[in-house]
Amino acid sequence: ITESRNGNAHYAAFHNLNAGVGFQALLLPVAFSFLGWGWGILSLTVAYCWQLYTLWVLVQLHEAVPGRRYNRYVELAQAAFGEKLGVWLALFPTVYLSAGNATALILVGGETMKLFFQIVCGPLCSSNPLTTVEWYLVFTSLCIVLSQLPNLNSIAGLSLVGAVTAITYSTMVWVLSVSQQRPPQISYQPLSLPSASASLFASLNALGIIAFAFRGHNLILEIQSTMPSTFKHPAHVPMWKGAKVAYFFIAMCLFPVAIGGYWAYGNLMPSGGMLAAIYAFHGHDIARGLLAIAFLLVVFNCLSSFQIYSMPVFDSFEASYTSRTNRPCSVWVRSGFRVFYGFISLLIGVAFPFLSSLAGLLGGLTLPVTFAYPCFMWVLLKQPPKYSFNWYFNWILGWLGIAFSVAFSIGGIWSIVTNGLKLKFFKPS
């Protein structure tokens, strides 16, 4: 990650936008179907402002101690919470956000490639098409080829591709949806459930979907560490410039998808999100070419996102190798690590296809990385005057983030208990 320090505000914008918009955004109308217009828009706005503040906090804390740069999230957590507690609090969620996202991207990318092939090929498809696992393998192989780029700055071009494709397919899905006739039985009343407890947990799950749409905070310090920094020209200045541009475009992706998708489908929105809704309601109304382009853009975005989310794991492999052998990684060793990681991610996705059922629970456990820990770290490292507005604001915001994390985790457990968990090993659908 720190092999090259010639990053700039443009690179920061590309990386933040690539890391900040993903397939999770396409699930936002699902949350609105449980919350309705008022609570849905309010929750999305509050979550956006909250995570934008914690992003600013992390950018400022990168050089909280003069002359010292915290290049990784775990390093900053250790400085704030102590060596052991910092690792205990931050290591699992940041590893899950990197490695877990990589596995999820393989599954989403492979399945989208399969749908793209079905749309393009149509009735001319052969009688023996590739299976879902074979499409996962094709996607993983493409990821491994692209992962041979050596460091974070070298994938700036890929991040630009990821950013452009994210903006394009986000715009396409809501424009295609609102331009079609709405289903006649559409309703904007929040989905009714048989009991008050079921409604409560469904609402918590919807809030979790909104919270999980904001991602990438575990990569902020790594992105900033690729920039040159001096006392006269600190790295936080170009980093914040790039982040502001990126999060303007992120808002332009998330809000129209959520509002336009809910307007088009209301509480008929399938649990699979916008792509599933377009395929189900307008698969025969929209030109096959447009549908194919939308699916292809999702594939390109998943390929690009895999690289930036995997880079911290590659960095850990190479740092461990260098510290043990006291010599730099050769090209062959570096390539071997990346091939190994790509196929391990594929193996996990194929071996444990039920992991997506645990997304609510695991997502709740990782929520503090974005919404809580930065507030605590600000108080502990910057030490604002006790009982001042800044002190109260960050403590309250941090504990609210922890409370939401616990609530979303309970909601995830409730969902598992209610819907059941089918432990199918090596049997992806």
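This is a predicted model: local features need pLDDT of at least 70, side-chain atom pairs count only at pLDDT 80 or more; totals for chains, interfaces and linings use all residues.

Me: Is Ser310 buried or exposed?

Reply: Buried. Its relative accessible area is 0%, and the cut-off for buried is under 20%.

Me: What does the side chain of Ser310 reach?

Reply: The backbone oxygen of Phe306, at 2.7 Å.

Me: And which residues does Ser310 touch, not counting those up to four places away in sequence?

Reply: Ala102 and Tyr341.

Me: Let's zoom out. How many helices and strands does the protein chain have?

Reply: The chain has 16 helices and zero strands. Its radius of gyration is 22 Å, close to the 22 Å that the globule rule gives for 429 residues, so the chain is as compact as a globular protein of that length.

Me: What box do the C-alpha atoms fill?

Reply: Roughly 60 × 55 × 40 Å, along the principal axes.

Me: How much of the chain counts as buried?

Reply: 52% of the 429 residues. The chain exposes about 19200 Å², and carbon and sulfur atoms supply 69% of that.

Me: What about contacts between residues at least 6 apart in sequence?

Reply: Of those, 84% join residues at least 24 apart.

Me: Which residues does Phe81 touch?

Reply: Leaving out residues up to four places away in sequence, Phe81 touches Gly86, Leu89, Tyr373, Phe376, Met377 and Leu380.

Me: And Phe139, where does that sit?

Reply: Phe139 is one of the buried residues of α5. Others there include Trp135, Tyr136 and Ile144.

Me: What do the buried residues of α5 pack against?

Reply: Against α4, α11 and α12. Helix α5 has 15 residues and reaches 22 Å from its first C-alpha to its last, close to the 21 Å expected.

Me: Switching topic. Where is His217?

Reply: In the loop between α7 and α8. His217 counts as buried, at 1% relative accessibility.

Me: Which polar partners does the side chain of His217 have?

Reply: One polar atom of the His217 side chain lies 2.9 Å from the backbone oxygen of Gln51. The His217 side chain also makes a polar contact with the side chain of Thr54, at 3.2 Å.

Me: What else does His217 touch?

Reply: Among others, Leu55, Leu58, Tyr73, Tyr247, Val369 and Thr370, not counting residues up to four places away in sequence.

How values were computed: Residues are numbered from 1 along each chain as its sequence is written. Side-chain values use heavy atoms; hydrogens and water are left out. Contact means heavy atoms within 4.5 Å. Buried means under 20% relative accessible area, exposed over 50%, partly exposed in between (1.4 Å probe, protein chains only). A polar contact is a pair of N or O atoms within 3.5 Å; within protein, one must be able to donate a hydrogen and the other to accept it, and residues adjacent in sequence count only if both atoms are side-chain atoms. Helices (H or I, at least four residues) and strands (E, at least two) are DSSP runs, numbered from the N terminus. The expected span of a helix is 1.5 Å times one less than its number of residues. The radius of gyration is taken over C-alpha atoms; the globule rule is 2.2 Å times the number of residues to the power 0.38. Accessible areas come from the Shrake-Rupley method with a 1.4 Å probe; for residues, only the protein chains shown count as cover.
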